[in-house]
Amino acid sequence: MKVKMKKQALLSVASILALSGVLAACGGGNSQSASAPAGDAAKAEDPLQLSIMTILLTPTPAADDNPIKRAIEKATNSKMNIQWVSSNTYNDKLNVTLASGDIPDLTYISDPFSPVFRSMVQQGAFWDITNYIKDYPNLSSKISKTAWELTKMEDGKNYSIPRPRPSEADSFFIVRKDWLDALGMKPPTTTDELYQMMKAFTENDPDKNGKKDTVAFTANVNPTDMGSLGPIENAFTGVNGNWKLVDGKMVYAAFLPEERQALEYLRKLVAEKLIPEDFASMKGTQVKDLFKAGRAGMIQDKAGTMNDYLPDIKKAAPNFKETDFFPLTSVNNYNPKGPGFAGTLAIPKKVPEAKMKRILKLVDTWMNDDVFNIQQYGFEGTHYTVKDGVKVVDTKKLNDDNGPDFNQIVYVADPYASSTKVFFPKEANDLYKKIQDERAKNSVADSSIGLFSPTSQQFLPEFQKNLQDLKTKILLGSAPITAWDDYVNKMKNDPNIVKISQEMTDAYKKRSGGK
């Protein structure tokens, strides 16, 4: 979509870009050091004084004299005044803070595409850091290109630093390989092979208990989307999310011809009872419980969640081992990629340019292994010991001293964090890394993340609910597939849908530089 900016805001952005020089690798200094006499050039820079507001996920925040905080401050040459806000009230507090104009020097933005943050960016309230990123090695290498791309605003520029998270190995299908082995089958790679596997998992006694008491895929749907059935739908459309670029135009995935094929396929799974009969009313916990009970052969999740299921499954199948969890590489050459970020960090424009550069340098330095490890492991002898060259962490002590809380300010994402854990057996971690590397070859991110369509804000939620209602009815057999044809033919020409599609197309092209 095209978002019209006020002429004054446009001039402000242009002025910022015109006045912004090329950033030196050292990150610049504060105003006092910049004007210091030449004889004091070698003098150590004063600590960076900055205020920070971020989210708190634990009951008690770190005190100002917290030893982990002090160590990070020493390593980054800073003095941080941190305002920790409970996750229960953070969004409300953020909106009040943004509206007040008294914004901390570094602020966690939970949703960089919220109307409030968008509006303030358009008004020139935050620094455009696009041209500075390349000058900070950790910002440009330890935060994925996917995250930087998907956090661009509608003008194609970055106004905040993505808080990195693993982008590969997003939730997909995990199957019981012991069931595959028992039935002499290989992991499926197409929807046809997936169907054959699901048929066998349901009808051919894969757990060899002599009873027909298994279901292939434990899954449910949500009020506005297909829930854990979504990856099957996406395997037909090839779309991660709701929009696909077709011949230079963003098209809502429901209007693709492959969507009808997906519904027919899913309706067949329901009719043949290859998924739970009550899938339409199941809660997420019930989906997981069915897998834990050893009654389902496939679930949608990340490989890194293995320990959530292993103890329970072993009660029903004592010989079950970690490598019997087998994440599929792809289905129909499709698998999803995560956005690579969870919220962002923004610097208000009231911060002088020299200080802004020092804040970028602080974050960049904080991402160095030796600094980030302070909050990851704490101090030797207090929070961890070294055994056979491996750090063994006293998790309780580290949590008591708020180590993980600092991840809510600066984080470095282990690329394999969604697949592996330090407490997994080596053979399992080796397998999951190998599978993730395979998935990385064809993983697809949701290209519509962050694209703004004013019309969609009012129209799309109700449309998506009605759309999902019809999908569920078709799957349950209470509505014919022809009802889908009628609805799609009607809605694809609806003025609101046409306008949203155009706005999304304009937004996509603007963000990607007209491509």
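This is a predicted model: local features need pLDDT of at least 70, side-chain atom pairs count only at pLDDT 80 or more; totals for chains, interfaces and linings use all residues.
Visitor: Which residues in α11 meet α19?

Guide: From α11 come Glu-259, Arg-260, Leu-263, Glu-264 and Arg-267, and they meet Ile-481, Trp-484 and Asp-485 in α19. By class, this contact comprises 3 nonpolar, no polar and 5 charged residues.

Visitor: At what angle do α18 and α19 pack?

Guide: The angle is about 160°, and the axes of α18 and helix α19 (residues 481-491) lie 9 Å apart. The pair is therefore roughly antiparallel, and α18 passes α19 in a left-handed crossing. Among the contact residues are Phe-459, Phe-463 and Leu-467 of α18 and Trp-484, Tyr-487 and Met-491 of α19. The contact of α18 with α19 divides into 10 nonpolar, 1 polar and 1 charged residue.

Visitor: Which residues touch the most other members of the largest nonpolar core?

Guide: In soluble globular proteins, nonpolar side chains tend to be buried together. Here the largest nonpolar core has 78 residues, and those touching the most other members are Met-198, Phe-217, Leu-229, Ile-232, Phe-325, Phe-463 and Trp-484. Helix α18 (residues 454-476) gives the most to this core, with 7 residues. Another core, of 62 residues, lies apart from it and includes Leu-94, Ile-347, Ile-409 and Val-412.

Methods. Residues are numbered from 1 along each chain as its sequence is written. Side-chain values use heavy atoms; hydrogens and water are left out. A nonpolar core is a set of buried Ala, Val, Leu, Ile, Met, Phe, Trp, Tyr and Cys residues joined through side-chain atoms within 4.5 Å. Buried means under 20% relative accessible area, exposed over 50%, partly exposed in between (1.4 Å probe, protein chains only). Helices (H or I, at least four residues) and strands (E, at least two) are DSSP runs, numbered from the N terminus. Axes are lines fitted to C-alpha atoms, for helices over the stretch in contact, and angles run from 0 to 180 degrees between N-to-C directions. Angles under 35 degrees count as roughly parallel, over 145 as roughly antiparallel, 65 to 115 as roughly perpendicular and the rest as oblique. A crossing is left-handed if the near helix is turned anticlockwise from the far one by less than a right angle, and right-handed if clockwise. Contact means heavy atoms within 4.5 Å. Ala, Val, Leu, Ile, Met, Phe, Trp, Tyr, Cys and Pro count as nonpolar, Asp, Glu, Lys and Arg as charged, and the others, Gly among them, as polar.
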